[in-house]
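Trainee: Please take a close look at one part of this model, the place where chains meet, and set it in its surroundings. Give the cut-offs as you go.

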There are 2 protein chains.
Amino acid sequence: MTDTRQPATDLSLDEVAELSAQLRVDSIRSSTSAGSGHPTSSMSAADLLAVLVGRHLRYDWDRPEADTNDHLIFSKGHASPLLYSVYKAVGAIADDELMTGYRRFGSRLQGHPTPILPWVDVATGSLGQGLPDAVGVALAGKYLDKLPYRVWVLCGDSEMAEGSIWEALDKASHYRLGNLVALVDVNRLGQRGPTELGWNLDAYARRAESFGAKVISVDGHDLPAIDLALHAAGAGGDRPTVILAKTVKGKGFSEVEDHEGWHGKALPAEMAERALVELGGERNLLVRGPVPAFDRRPELRPASAAAPRPAYALGEKVATRKAYGDALKWLGGIHPRVVAMDCEVSNSTHTDEFAHAYPERYFEMYIAEQQLIAAAVGLSVRHYVPFASTFAAFFTRAYDFIRMAAISAASIRLVGSHAGVEIGADGPSQMGLEDLAMMRAVQGSTVLYPSDGPSTVALTKEMADRPGVSYLRTTRGGYPTLYSEDDEFPIGGAKVLRSTDDDVVTLIGAGVTLHECLAAADELARENIAARVIDLYSVKPVDTETLIAAADATGGRIVVSEDHHPEGGLGSAVADALLASGLTPLRMKHLAVRELPGSGAAHELLEAVGISASHIARAVRALLA
Amino acid sequence: MTDTRQPATDLSLDEVAELSAQLRVDSIRSSTSAGSGHPTSSMSAADLLAVLVGRHLRYDWDRPEADTNDHLIFSKGHASPLLYSVYKAVGAIADDELMTGYRRFGSRLQGHPTPILPWVDVATGSLGQGLPDAVGVALAGKYLDKLPYRVWVLCGDSEMAEGSIWEALDKASHYRLGNLVALVDVNRLGQRGPTELGWNLDAYARRAESFGAKVISVDGHDLPAIDLALHAAGAGGDRPTVILAKTVKGKGFSEVEDHEGWHGKALPAEMAERALVELGGERNLLVRGPVPAFDRRPELRPASAAAPRPAYALGEKVATRKAYGDALKWLGGIHPRVVAMDCEVSNSTHTDEFAHAYPERYFEMYIAEQQLIAAAVGLSVRHYVPFASTFAAFFTRAYDFIRMAAISAASIRLVGSHAGVEIGADGPSQMGLEDLAMMRAVQGSTVLYPSDGPSTVALTKEMADRPGVSYLRTTRGGYPTLYSEDDEFPIGGAKVLRSTDDDVVTLIGAGVTLHECLAAADELARENIAARVIDLYSVKPVDTETLIAAADATGGRIVVSEDHHPEGGLGSAVADALLASGLTPLRMKHLAVRELPGSGAAHELLEAVGISASHIARAVRALLA
């Protein structure tokens, strides 16, 4: 904020018209200067944004962190020239940054907005995500913050074809989110031609109404009509509002208005000049809209009767999914910002323990995994500590949302139960066999895979404080407790469970295969083969030091067994770490689920796919032969 | 078909009633015998299935491969006891198999249906996928096979919360799929309690109608009403039909009817006995419904004027996405079953070349990636050769569908453009940086990553004949042509582009990083460091032999550079292969995208994230130091 001019406030609609001309001009100037970008998709929505920012959005641009600010999310993230032009208009960024930074290397004004900018809540650019994320913010506002802020979302019409939009409207109406407003910029042209529904606003209206929204259709270039619509939408109530705005792509420059072939293209310099003439030339308005009344979110206190930390006796058989449920309930008592969500399987993931203890902090997402992740992202925007659970396999449904959560720098905690063939009779559709690969490949992620109750409890607690995307993999069946409550499980560590000076091989497992490794070590001991056993509970980051020390001590012989496909899981984590070390010699046998499994009992399947104790022992013998 | 009895055909509704009692009884018997399963979710839909199978489904149970058969897809795959009980009733399987096989190890009667059974088109069990898959089958029926078969889908009510259901209905109405009928079993109870909309059939009806479906609401236990509904639905027309059936979970056994707590639970033996008494005991009906009239799909002929095989001059700069577009158009001319789809970005992926040449074999999926994959799966059911393209990043949206495609043993070809930071200014939301990890972890998948025009053409052709899920990763920018039209690129191979007897290090890349490896080799050559360069165009399966030979010849020194996150991509493929070999010594430097990238020019980003030629050369010097 270096601009010392006094901003215009309480804008008249005439002033708003000037503002929208400036937004169009700056959308063109910035994208032409960058040589790429989406000016025409910005120009269609400029009037919507001018009215919103000038007269409705309650936002203290000097305090983007204020709890009471409204939220503005560009679900159509490619309209970043418009968003950044708004930031210039309110004096948040300078014209110089807009003109020299947009889409350039090292600049915060990226091609699509990310929260590297303090006014951006979530990264967008993968369509159909901004509205679902906004549902999470609105849930926080209505049920947790209990503050009167509104969440305004600019959607494109093309993205209405994404199922996630309908998951979002479904949940928004289910949770009566009157604080949520979607502005749909119906400019009828997608990237490669007309959209599916064109300017059929009635078709959109029927859909949005049937999903429980209040719908207002307007001419998206009629400022008084937009103003009325935003006024009605911002008044709240018990239903989300969808404003359907019929707009013209490229509006304001006749050479491109409603023309195909101008999606995602900066205007060449000479066209940009003509456009500026048509739009009345450059402007340098400084404007401010309404500011929220001072308010603060309620102080949260720990529940009065916190549950005790879960404890399990050594050898007691406990499913790690159950231990997770116990741990989350315990955390709920000591950590007032912990919030949980699940997709209709909380009695399987054991998140229901938390839901019963803290119903006001539990949100049922029904079977809508994309919205599950998006809600977690939105809650993290408001500094809650969301845990989202479903079967490990079903997180694959939301991988794009998980990937984008990392770009949003959101801190979300995902817990996937029913990992691997160990689940047994339900068969392959329910077996998480790609989840470790998927989660490891997420930027900055943490991937955890405990094998017993105490380690699950400890790691669940670690996750609560962990920034970024973290993932905990749990197992369906019960296995013996290996550790005590006092054992520590730092993220990035590993536990050496068996170790002697005579070890000739290192066995590495996690989850159910750790128990198989222990059984194999017992079997091998009877043959006087001493095996070191490592519990690789932290799959990412991995404990390279412990792995190298063990490999070095055991002649470089390693057997990894994992209940996961061979690519990208435990074995890859070990191989990546060891190959970078340069340790010599090295020889790894990698047992994993290589064929398509069917139904069966857990022990039958572990044996059949080749990851059981007997296979581990056989691999050791082959390494030693 | 060992049953020699004469089946009842042209069932009266009284006979249908007997059949539905048998389906309920067998659903209970089979799940109780297995000790797990979903009898109550089967019982709610038993009347729907009895009427459908007895009087409407045109299916030759002796010829499941017949082109003219209707299709029956259980989107609610957990109702497998009902499906398998139908198979028994028509004599396709014996009662003994049902009672001793269901959910058992080694049996084809798995917990959720898979195409290991000849009457099953697609694997289900991850909810919200059967209906989208069915859209693909119906597209084939209406537009390609041009046969009058219908596609009947049994949906659960809980899965209506999945956005993918709405993507499916949207596309079904857009493509006027009057040959598609969804039967929604609205039993109001999900796994852990009531569904979101309960028995509010009107709410479902408004939604389905707004998405373009013809809706018929019925009492799902009123056989004449069901019969009328199926008759109306099966008559076709220009709109898909959604039959909303109000049903009672556990219908037929009063102790569990409409009771919570009975989802996914087999009845204990003594309860099952009481249920059988209430249902009138065991039956052993053998029934057959209508059989389709003989017909066959039209013979397809290659287009008369096939485009020539694309060719590029050595050194000519060509983007691999463009070469893919050229190749697909060429293939379209010589391979009449090749079909293409894209999600609104065909002018970026270059699939538009095929779309313009063969519009009758191109389906625009708009921005709905889940439906994109599902349509490909459905088309593969009908033996077409689908190629589905979008940005590499956006396949993450459909990972659950890709995973399930593998379980369906579907042969689908996915092509992801705009891989990695190389895309430049658009920023991280558009950068495919997890796609190799994701695709490698799919069971039985093939992952290809060409670096120039001729290799892209050759690999696109290889994909057409490849079973299973195959993935081709393409690059945005143009890079020099390295190969000639005569070079061969077998899947599972690799190309050694530089090789001398004095090589001291192996450089491995693919796509843009292969060109960086070549530049690094040039730079190193000026320092008299000889580097072998490998084009790892086949990431899975990987050419272990070539990798081992190169590592062995270059003192075990390997540098891998990839435009992908460090987990699960090229580096992991190399590490997995080499560590299993036992080769000594081995030392790998792995250059990958480790931090969150921003916008910028391609060369700036390659340099900034550390995967450019200069970084590769530096890594070599460090290995040699």
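**The A–B interface and its setting**

Mentor: K146(A) lies in the loop between α6 (130–145) and β2 (151–156) of chain A, where helices (H or I, at least four residues) and strands (E, at least two) are DSSP runs numbered from the N terminus. Its phi is near 50 degrees, a positive value in a residue other than glycine.

The model is predicted: local features need pLDDT of at least 70 and side-chain atom pairs count only at pLDDT 80 or more, whereas totals for chains, interfaces and linings use all residues. Residues are numbered from 1 along each chain as its sequence is written, chains are lettered from A and ligands numbered from 1 in the order in which they are written, and side-chain values use heavy atoms, with hydrogens and water left out.

Now the interface. Contact, meaning heavy atoms within 4.5 Å, links 100 residues of chain A with 100 residues of chain B. The buried area (accessible area, 1.4 Å probe, that the two parts lose on being put together, summed over both) is about 8,200 Å², and carbon and sulfur atoms give 51% of that. E196(A), R397(A) and L579(A) supply 10% of the area that chain A buries against chain B, more than any other three residues.

R397(A) also forms a salt bridge with D400(B), with the closest N and O atoms 2.9 Å apart. The count between the chains is 16 salt bridges, each a side-chain nitrogen of Lys or Arg within 4 Å of a carboxyl oxygen of Asp or Glu. On the chain A side, helix α7 (residues 163–174) gives the largest share of the residues that touch chain B, eight of them. That side divides into 37 nonpolar, 37 polar and 26 charged residues; Ala, Val, Leu, Ile, Met, Phe, Trp, Tyr, Cys and Pro count as nonpolar, Asp, Glu, Lys and Arg as charged, and the others, Gly among them, as polar.

How do the copies relate? The same surface serves both copies, as 100% of the contact residues of chain A recur in chain B.
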